[in-house]
Amino acid sequence: MADLPRDPACTPTPLQPDLDRTLADLRAAYGDSADLTVRRLHTGGHDFACVTLDNMADKELLDRLLLAPLQNAGRLPRDPVACMAHVERTLSRAPEQKRLHRLDQVFCQLGDGFGVLLLNGCSHALAVGVQAFPARGVEPPQNDVMERAAHEAFTEVLGRNVALLRRRVKSPMLTVETLTVGERSATKVAVCYLRDSARPETVDRIKRRLQAVRMDMVLESGYLQPFLENNAPSLFSTVGVSERPDTVCAKLSEGRVAVLTDGSPFCLFTPFLFVEHFQSMDDYTLQPAYATLIRLLKMLAFFLAVLLPGLYVAIGEHNPEVFPGAIFFKVIDAEMTTPFSLLWEALIIHTIYEIMREAGLRLPKSVGHAVSIVGALVIGEAAVDAGLIGAPMIIVVAVTALASYVIPSLYYPAAILRFGLIVVGGVAGLFGVLLGFAGVVTAIAAQQAYGVPLLAPLSPFDPAAMRDTFWRVGWRRLARRTVRVQNLQGTDEDA
Amino acid sequence: MRNWMQAAVSLLLAAALCGCGAPVPLKEKLIVEGIAVDAAEAGYKATVQAYSPAAEGGSRLFQATGGTVFEALRNIDVQVGKQAYYSDARVILLSEACLRAGLWAALDFFIRSSALPAGVPVAATVGPAADLFAIESEAGDQPAAVVANLLQVNRSGTVCGALYRVGACLQTDAADPALPLLGTVQKQGKRYARPAGILCFKGQTPCTRLSRGEEWAFRWLCGYADDRAYPLTFRGTPYTVTLHRVDRTWRAAWEGDRPAVHIALAVACDIAEAASAHKVAAAELAAFARALEADMARRVTRTLARVFAERRCDVFDLGRVLRQRQPARFKGLADWRQEMPRCRVTCAVTANVARVGQGAVTE
Amino acid sequence: MNSQKTVGAGQLLLFLTFARVTVSLTHHFNTARHVIGQADWLAALLLPAVLAVLVLPTAWLLRVGEGRTVCRAARLLGKGWGAIYAGAYALLFFVMAFAAVGRFSFFVTSTMQPDQSPWFFPALLLLPVCYAALKGLQAIMRAGAVLAVMGLVLVVFVLATLVPRMDLLNVYSPLYNGWGGLARSVAMVTANSGVGAVLLMVAPRVRGRWQRAYAGYALAAGVAVFGVAFTTLAVLGGFSRIQLFPFFTAAGVANVGELNNLSALYAAAWIWGVFVQAALYLELCWQCLSAFIPDRFRTAALVVLAALAAVCAGLITGSLPAARQSFQPVGLLVMHGVYMVVLPLVLAAGLQFKKRKEAAYAQLDASGG
């Protein structure tokens, strides 16, 4: 088998002054791809070549900003380097242009939709910003749906996402540093923070971690998320995800650092604490009393989603004396006729539910409703009528499923914990579930996000931050002082 | 190290899911709703009402005998082939006959069992205790549930003898236990449960039954709430008084060498209806109240005289009052039961007719 | 935050209070064969004063040792002293760990799940306890604070639901059986207050003033033990005398709406208390043993300690005499007396003497004599 070619994008090769050679290198690198467009022109005594990738650059704009002025330039400096400098400073009308010295830089800029101007005899090229690659516009968010907040979400274009942040934070303290990750994809990543809010050490650590990423392709922010988290695997991430620019701006003002990835509408931000799962933009736009109610409801929903099935199995199998009298007999009536133990019932029904959920996610919308009907009929009605599953178990699954969707960011940890606690509850009873819960609390308490305890401000307790944890005080009080995440009690400054 | 831990966790999971350590499922247990204990030749006969949705009426009765209550109940487990589950037991019934062998002997198993809730009501029965599990219910409830409801305060006027309260009385020489007494009555060929008074004990042995009139005094003195109607004849006319609250306070002292307890009862009530066409005029309210006070005080005094002084049965908390208020003197008594006839007990009642029902007052 | 000061003062207060409340939940009054428990509630009110006295040797040692843990302070006197104290306190914390687990296991197998094997609950408990110990002191105290708040809320809730069932005639003079009864009760509540020994290892790591945390604990412990003792007595009266776990029985009497048995809440508070205590004791045991064992064996050492603790706890659970022994106040008093009073006093005196000697030599050198 012939050896596979090495990726020239991975090798920094300097540009040659010989135009023909450079063009030959380009064609060879792209494997004579059909979308590589080269426009050669001879003007002012010099040989130029303008290279673009088809459907990535706006040709009309390129012509107006660069080619037309070049052709109408008349006399040009004889020296190629001086000529290129003249083009860059005087002739080109592009507001965004860059000098390129290496071939891998040319590949990057072509991939970003730039037009690249080469000059025979000059060992550097000029990239002009004429991007026009296909991308969707700013649309409402799909996942972080809010009752009263902006209907704008990030898109796949990094520049636009940065603009969405800039529009909301006009302070010059908002700093955007770009890095490139992915040896083949050369994905641009923007590290955004407020210089007067974020800890410099945290920003440096994040940048170092991103620079240490060794991957061929970075296609989504999720690829980078593990690199920003702690080394020890954990169910609860120390990196938050949002597709809302308003949410990210709020996080930036609290001293967090945001990471935008080109090609992904999901922004990462860190440090991300456990209590933030229960906070949303709506909390700050609605009345404080209602916001507090919703927040407490979310916490209750989380506990229901994680603990309810396990508790039901544990109490039903090991400690039925805990059931109130009326429920006790309903449970017995249901379980008298079913062949499985509560543990196996719970495992079976929850597995079927997860299968249904996955099926519903992947199926086209036109078929999706059929899944719901099948699920409701098969599981909800037929299984109970056939005596395979008890009716109380169906209610438990239904409540659990609804509760788990109240906080989408906690869905996956809750699902895993739920299964674990069902097994533990079935084996060890109520005490097993209680110990499992204690173990989960310990696991969360052991984690830190860039020195900030994950359980903050609950433990270590921070009274100042409590005004926006279980409840949300009014804006008059909240606006008096912003609590920065790095100032929370128990933050390890040496971390 | 991580591989070892992963292997250990996998093994544990497999062991857990294989079911070898699984408990007996609830559906394979005998769910006991009520326990009745009667005397038998060799000791005790236990009857258990167990929940059985497949059976007619939703429950089944099982019986067995044994030398002790524990043995009798264990024999039921053996007979049925299921482990009894007592945590949902609603009531314990003890026949008067089996109580003659001693209250402690009858209750020993129940007091020691941690599976049985300590607040389960205990009652004595006139006749066989098992008969109470053959009663009818208009609402279709299980017999044990019917009996348990009957024993709740404010429902029928009888008092609730929770297991832990009875047990506490058995642990002290300053009080005697009392149990509500239940019986059955036949109506139109069907058997129903009925309250039959209060059974008082002297130590562990049954002592006397309180009459219906004496039950009033018992409830007032022991602080059991009751808003039943109290009959009172005032100037030859029968009236019905609703007692909303009866607050009791005591004063304990030593008069020379004998103890003295003064009981003060503060009553809040109203005249619910007039049994006859006569109304209570506003000007007569004060006299009405005085009449009520005198009647209640008389009832208390007579009850105490018969039960406390004559029968030497302290179900009225008097010993406990003395122990709390005069601990040193009380401790110095050789035998509180011997002192009971010498103890001077007085009672004063203050009635406040707070509201008068519509139509019962004329201006 | 100084990376050495990993424990908040509030966390310490919560841990000590929760641990003491947990012990009071487990305490059954009749072990000392004294009268019902009438004097226990009064003894509880005296508890803060007792705790204030008990902590004096610890406070002196921490001052003289300049904020070092007891093991490190002992090393100042010499390697031999360091080894002896490290071994002694390692043994203490190990015993406290398996005693806490064993007591709980004995409770569960006596009351709620009598069918269960005596080895089951020690094994069940020591798995997450080992995990928590591996996470370290900081994680244990942080998680412990959360569990302590939840557990204390449950206990207060159960106590509140019992208020309507109180019969104050059950409560009479605490001196009914004379001063001897009160003395025995004071001895009992003191014997169950050995949790203060953790100060010798944890106080140097506290952010803020550990003295305030301890003072708060002393008051809270007095109030909590009083609440449990008084409520149990007022509800059950003489019935508590014949119950192995009176507060558990009382919780079974409480009801709220349709929930007519709150013993599960009581068990939840207890098991969380045992979890936090056992995890901390195991971690402190390791910290003492780290004088002999290199740090790279920490994981293995903790796993072995947890396994041994499970075995010892299983032995307590399976044997009534052993269980009774673990509740006996005399043994507990001796143990806590030695570890909280005698050993710290000896060490503090030794360090004080050493300091004075060094100061005297320094003065001599300075004067050229």
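**View 1. Confidence along chain B of this predicted model.** Chain B has a mean pLDDT of 85. In chain B, 88% of the residues reach 70 or more. This is a predicted model.

**View 2. Residues 154–158 of chain B.** Over this stretch of chain B, pLDDT stays under 50. How many contacts beyond four places in sequence does the model have for residues 154–158 of chain B? The model has 14 of them.

**View 3. Chain A against chain C.** Here 31 residues of chain A are in contact with 30 residues of chain C. Two helices of chain A give two or more residues each to the side that touches chain C: helix H11 (325–336) and helix H15 (411–445). Which element gives the largest share of this side of chain A? H15(A) does, with 12 residues. Sorted by class, the side of chain A that touches chain C has 17 nonpolar residues, 10 polar ones and four charged ones.

**View 4. Chain A against chain B.** This contact takes 15 residues from chain A and 14 residues from chain B. On the side of chain A that touches chain B, at least two residues come from each of helix H10 (288–317), H11 and H15 of chain A. H11(A) gives the most, with seven residues. By class, this side of chain A has seven nonpolar, four polar and four charged residues.

**View 5. Two crossing helices in chain C.** Helix H10 (residues 210–236) and helix H11 (residues 246–253) belong to chain C. Their axes come within 10 Å. The axes cross at roughly 60°, which makes H10(C) oblique to H11(C). Is the crossing of H10(C) and H11(C) left-handed or right-handed? The crossing is left-handed.

**View 6. Side by side: the residues where H10(C) meets H11(C).** From H10(C), the contact is made by Val228(C), Thr231(C), Thr232(C), Val235(C) and Leu236(C). From H11(C), Pro246(C), Phe247(C), Thr249(C), Ala250(C) and Val253(C) take part. What classes do the residues of this contact of H10(C) with H11(C) divide into? Seven are nonpolar and three are polar. No charged residue is among them.

Note on methods: Residues are numbered from 1 along each chain as its sequence is written. Chains are lettered from A and ligands numbered from 1 in the order in which they are written. This is a predicted model: local features need pLDDT of at least 70, side-chain atom pairs count only at pLDDT 80 or more; totals for chains, interfaces and linings use all residues. Two residues are in contact if their C-beta atoms, placed from the backbone, lie within 7 Å. Helices (H or I, at least four residues) and strands (E, at least two) are DSSP runs, numbered from the N terminus. Ala, Val, Leu, Ile, Met, Phe, Trp, Tyr, Cys and Pro count as nonpolar, Asp, Glu, Lys and Arg as charged, and the others, Gly among them, as polar. pLDDT is the predictor's confidence in each residue, from 0 to 100. Axes are lines fitted to C-alpha atoms, for helices over the stretch in contact, and angles run from 0 to 180 degrees between N-to-C directions. Angles under 35 degrees count as roughly parallel, over 145 as roughly antiparallel, 65 to 115 as roughly perpendicular and the rest as oblique. A crossing is left-handed if the near helix is turned anticlockwise from the far one by less than a right angle, and right-handed if clockwise.
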